[in-house]
Amino acid sequence: MNILAVFPHPDDEIGCAATLAHHAALGDTVTLVWTTYGELASHFAGKPHAEVRTVREGHARHVAGLIGAGVRFFDFGDTRVSSSREQNAALACLYAELRPDAIITWDETSPGGSSHPDHRATARSAFDAITLARLPGILQEFGRPELEAHRKPVRFYQYGHYSPPQPGWPLVHIAVSEAAVNLGAEVLEFYAQFYGWKTGRENYIRDKKESGERAGVEYADKYFLRRGYHPALERLV
Ligand SMILES: [Zn+2]
């Protein structure tokens, strides 16, 4: 399986780090894709963009190393992600190259997901690129004619939450191992230490445990499954 996680800023991936680590440990190919280098983050106010970019790219690469994921960067520009045809096509070419079976990105409804325009735009772009990747004409037009259109079903997951407002898509839980949860917590702690966040390891692990309890497993991450190709269950229970 090929898994892509598509986010605008290094640190947006914290919410799915356990899922990604879990899949990487299972032998799946996992790639973290960032659409910007997050050069406008307020933490770095006054610092030259080139310097911020280097720091944040370093964070991204460090986290990918912890998870066991590959990395890809686009430079759409912090606060400039617009889900334009060009940006969507750039992602579509990447999809045609990496051929994802599943994609994870921001939700567009929770406070965290909707608070930054890049979060909403990257989620839109990540979704629309699935359709564009199916079109040979797009790959031709945007300079990758050698790639085969990516036409197989892609499951599209967005960060999920229990409380309203709900987008109306099914909330699904992905069971993750304890080792993957610990790796996810390590990712969180890495960023928390750098940015001076208070939320730490205990809350992170409690959240995964609570999600797991609701789903009947030890630990879980939760997502809205926006584009399903829902697999048939073998039996009701
Ligand atoms: Zn962000």
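Figure 1. K209 belongs to helix α8, residues 201-215. Helices (H or I, at least four residues) and strands (E, at least two) are DSSP runs, numbered from the N terminus. V181 is 28 residues from K209 along the chain, and their C-alpha atoms are separated by 9.3 Å. The view is taken from a predicted model, in which local features need pLDDT of at least 70 and side-chain atom pairs count only at pLDDT 80 or more, whereas totals for chains, interfaces and linings use all residues. Residues are numbered from 1 along each chain as its sequence is written.

**Figure 2. The chain as a whole.** The chain holds 8 helices and 7 strands. Its radius of gyration is 17 Å, close to the 18 Å that the globule rule gives for 237 residues, so the chain is as compact as a globular protein of that length. This radius is taken over C-alpha atoms, and the rule is 2.2 Å times the number of residues to the power 0.38. The C-alpha trace spans about 55 × 50 × 35 Å along its principal axes. Of the 237 residues, 43% are buried. Among contacts between residues at least 6 apart in sequence, 76% join residues at least 24 apart; two residues are in contact if their C-beta atoms, placed from the backbone, lie within 7 Å.

**Figure 3. The largest nonpolar core.** This core has 59 residues, of which A5, A17, L20, I67, A92 and I103 touch the most other members. Helix α3 (residues 85-98) gives the most to the core, with 7 residues. A nonpolar core is a set of buried Ala, Val, Leu, Ile, Met, Phe, Trp, Tyr and Cys residues joined through C-beta atoms within 7 Å. Leaving aside residues up to four places away in sequence, L20 touches I3, A5, V30, I67 and A69.

**Figure 4. Packing of helices α2 and α7.** Helix α2 (residues 49-67) packs with helix α7 (residues 178-195) at an angle of about 165°, and their axes are 10 Å apart. Axes are lines fitted to C-alpha atoms, for helices over the stretch in contact, and angles run from 0 to 180 degrees between N-to-C directions. The two helices, α2 and α7, are therefore roughly antiparallel to each other, a term for angles over 145 degrees. In α2, the residues H62, V63, L66 and I67 meet L183, E186, V187 and F190 of α7.

**Figure 5. Two loop residues with positive phi.** Most residues other than glycine have a negative phi. D11, in the loop between β1 (2-7) and α1 (17-25), has a positive phi near 120° and is not a glycine. D11 counts as buried, with 23 C-beta neighbours inside 10 Å. S83, which is likewise not a glycine, has a positive phi of about 55°. S83 lies in the loop between β3 (70-73) and α3, and counts as buried with 20 C-beta neighbours inside 10 Å.

**Figure 6. R124 in helix α5.** R124 lies in helix α5, residues 117-132. With 18 C-beta neighbours inside 10 Å, R124 counts as partly exposed. R124 and E210 are 86 residues apart in sequence, and their C-alpha atoms are 29 Å apart in space.

How values were computed: Buried ≥ 20, exposed ≤ 12 C-beta atoms within 10 Å, placed from the backbone. Parallel < 35°, antiparallel > 145°, perpendicular 65-115°, else oblique.
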